[in-house]
Amino acid sequence: MTALVDLSSARYGPLLKNKRFRRLWISQFVSGIGDWLVIGLLIPLVTTLSGGSASAVAGIMIVKILPSLLLSSFVGVFVDWFDRRVLMIVCDAVRAVLTLGLLFTNSLAVIYAIVFFMEMASLFFNPAKNALVPYLVDEEDIAVANGLSYTTQQASMLIGLTASGAILAAFEAIVRAVLRAKLPVVDALAGPLAPALLGPRAGVVLNSLSFVTSAAFVLSIRVRARAGEARRFDLTLIGRDVVESFRFLKERVELRGLLVTVALALMGGGSLISVGLVHVQSNLVGGVPFLDRIELFRRLVAAPQTFMLVFIAFGMVAGALLVPRLTGRIPLQALFLGAVSVFGAGMVVFALSSAYWIAAVFAFVAGLCIAALSVTGNTYVVLTVSDELRGRVFTALDAVVRVSLLVSMAVVAPLGDLVNAAIAALVKSRGIDPAHVWLSGPRLTLLLASALVLAAAWNGYRRLEWRRPAASAEVADA
């Protein structure tokens with residue numbers, strides 16, 4: 001018999017009164033803003049150092065994904081063996097030190113190496129954080145905690161994208177005020193660092209401080225039980241644990257179906273990062289009703305990359321707040337599959353559209369769906385996987401996300417270029433003005449990608465028990 005765990009009655013107020021979870025939440029928010037600040041710094045820096053090479057900029061994303069591709073099978077074992085709270089603190093410390101290395105180099109190879117090792121630390125940090133949440137909140141608050149955690153992640157991205165200039169300006173103003181105070185100790189410590197604190201790479205320093213702040217908050221969290229297996233670590237057992245993880249995924253047909261659905265959906269949906277932005281810039285016209293009167297949104301329409309990302313981020317925040325309210329009424333699997341289906345259908349409308357306002361609505365809905373996928377997927381793992389394997393399953397889920405996005409960027413973006421070139425050659429051979437051709441390369445590529453997302457939804461409907469609620473780990477083991 002399957003137990004229905006009603007998570008919709010949990011409220012954000014009582015959850016935020018939970019001192020331990022609140023500290024984890026704050027640490028995540030602070031470090032998340034720092035992450036987006038340093039990404040905003042690296043892209044123009046790498047562009048300048050490489051002479052404007054798009055491949056060099058793409059290299060940042062590739063080295064961010066490679067650790068997951070190479071090490072994900074082993075990371076989950078470490079997460080399950082060690083105290084997750086201690087592991088998070090170590091990862092924060094490592095990232096803080098590595099980030100400071102960006103102050104002292106103009107070498108692309110060194111920059112890529114630093115990003116690679118920072119992402120390796122994040123590969124340990126994120127599953128440990130997800131696996132730690134059940135130790136900090138009651139079972140009925142798990143979905144809300146996952147939703148709030150995901151909201152924090154997207155809100156930090158939104159703030160980092162839209163307010164990075166203001167954040168850095170405020171940081172510089174604070175540093176200048178402290179230096180002008182001429183306090184002996186501060187002047188001795190901060191004086192030699194003034195060029196770094198006030199220079200073009202001040203975002204690097206701020207990002208490093210965000211990791212230090214995150215580690216301090218995690219350090220202050222007290223966990224009643226050991227957040228991880230209290231076993232003596234033995235390297236000779238890693239291979240056995242990895243085999244055990246794959247055996248577990250093989251036996252859990254529904255969980256394996258969820259991972260496959262995520263992979264296919266992201267392979268298609270990842271096209272929004274590359275091809276979707278080209279579609280917005282080259283094929284869409286008009287504006288967004290009502291919002292056109294606001295100066296900020298007029299600037300977003302003029303910058304398609306920010307335009308799409310900000311609306312997606314708003315949708316993510318709204319979705320992470322809404323989805324936990326539905327979990328007690330609708331099975332997690334049904335919410336998950338509904339999000340994939342709506343996302344795929346929305347991509348079709350987006351690809352066929354020529355209006356900015358439709359793109360804005362789709363971006364918001366896409367954000368809702370992405371949030372629903374994350375919250376329901378994480379909650380499903382928490383409820384259906386026992387603690388001794390939870391870290392490994394979270395790592396597998398994280399690896400699926402990253403590798404699928406890598407495949408999408410490596411295949412869909414070049415496919416879009418090939419399709420665009422083929423259509424341009426055909427149009428030129430017919431003597432037709434390209435400006436009058438509706439079926440452009442980006443539009444056709446997006447339609448093909450949306451078909452892949454819809455195929456993911458179909459696979460999910462076949463593999464997941466979407467009519468019944470998810471079984472708790474105890475029931476599943478029994």
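**Helix packing**

Mentor: Helix 12 and helix 19 run roughly antiparallel to each other. Helices are DSSP runs of H or I with at least four residues, and strands are E runs of at least two, numbered from the N terminus.

Two ground rules before going on. The model is predicted, and local features need pLDDT of at least 70, side-chain atom pairs count only at pLDDT 80 or more, while totals for chains, interfaces and linings use all residues. Residues are numbered from 1 along each chain as its sequence is written, and side-chain values use heavy atoms, with hydrogens and water left out.

Back to the pair. Helix 12 spans residues 253-269, and it packs on helix 19 at an angle of about 170°, with the axes 7 Å apart. Axes are lines fitted to C-alpha atoms, for helices over the stretch in contact, and angles run from 0 to 180 degrees between N-to-C directions. Helix 12 contributes Glu254, Gly257, Val260, Thr261, Leu264, Ala265, Met267, Gly268 and Gly269 to the contact (heavy atoms within 4.5 Å). Helix 19 answers with Ala449, Leu452, Val453, Ala456, Asn459, Gly460 and Arg463. By class, that gives eight nonpolar, six polar and two charged residues. Here Ala, Val, Leu, Ile, Met, Phe, Trp, Tyr, Cys and Pro are nonpolar, Asp, Glu, Lys and Arg are charged, and the others, Gly among them, are polar.

Stay with helix 19. Pro442 sits in it. Pro442 is buried, at 9% relative accessibility. The scale: buried is under 20% relative accessible area, exposed is over 50%, and partly exposed lies in between (1.4 Å probe, protein chains only). Beyond neighbours within four places in sequence, Pro442 touches Val275, Val278, His279, Asn283 and Asn420. Its C-alpha is 10.0 Å from that of Leu418, 24 residues away in sequence.

Follow the chain out of helix 19. Trp466 lies in the loop between helix 19 (441-463) and helix 20 (473-477). Trp466 is partly exposed, at a relative accessible area of 27%. The C-alpha atoms of Trp466 and Leu332 are 7.5 Å apart, across 134 residues of chain.

The largest nonpolar core has 76 residues, and Val137, Leu258, Met347 and Phe350 touch the most other members. Such a core is a set of buried Ala, Val, Leu, Ile, Met, Phe, Trp, Tyr and Cys residues joined through side-chain atoms within 4.5 Å. Helix 17 (residues 356-384) supplies its largest share, 13 residues. Leu258 is in contact with Phe336, Tyr380, Leu397 and Leu464, leaving aside neighbours within four places. A second, separate core holds 17 residues, including Leu41, Val46, Ile60 and Ile111.

Now helix 4. Helix 4 (residues 84-100) packs on helix 5 (residues 108-136) at about 155°, with their axes 8 Å apart. They are therefore roughly antiparallel. Among the residues in contact are Leu87, Cys91 and Leu98 of helix 4 and Phe117, Ala121 and Phe125 of helix 5. The classes come to 15 nonpolar, two polar and four charged. Between the two helices, the loop holds Leu102. Leu102 is buried, at 2% relative accessibility. Leu102 and Ile114 are twelve residues apart in sequence, and their C-alpha atoms are 7.6 Å apart.

Helix 4 has another partner. Helix 4 and helix 10 pack at about 165°, with axes 8 Å apart. That makes them roughly antiparallel. The contact includes Met88, Ile89 and Ala96 of helix 4 and Phe211, Val212 and Ala215 of helix 10. Its residues divide into eleven nonpolar, four polar and three charged. Val212 belongs to helix 10 (residues 202-219). Val212 is partly exposed, with a relative accessible area of 45%.

Last, the whole protein. It has 20 helices and zero strands. Of its 478 residues, 50% count as buried. Among contacts with a separation of 6 or more, 86% join residues 24 or more positions apart.

How values were computed
Angles under 35 degrees count as roughly parallel, over 145 as roughly antiparallel, 65 to 115 as roughly perpendicular and the rest as oblique.
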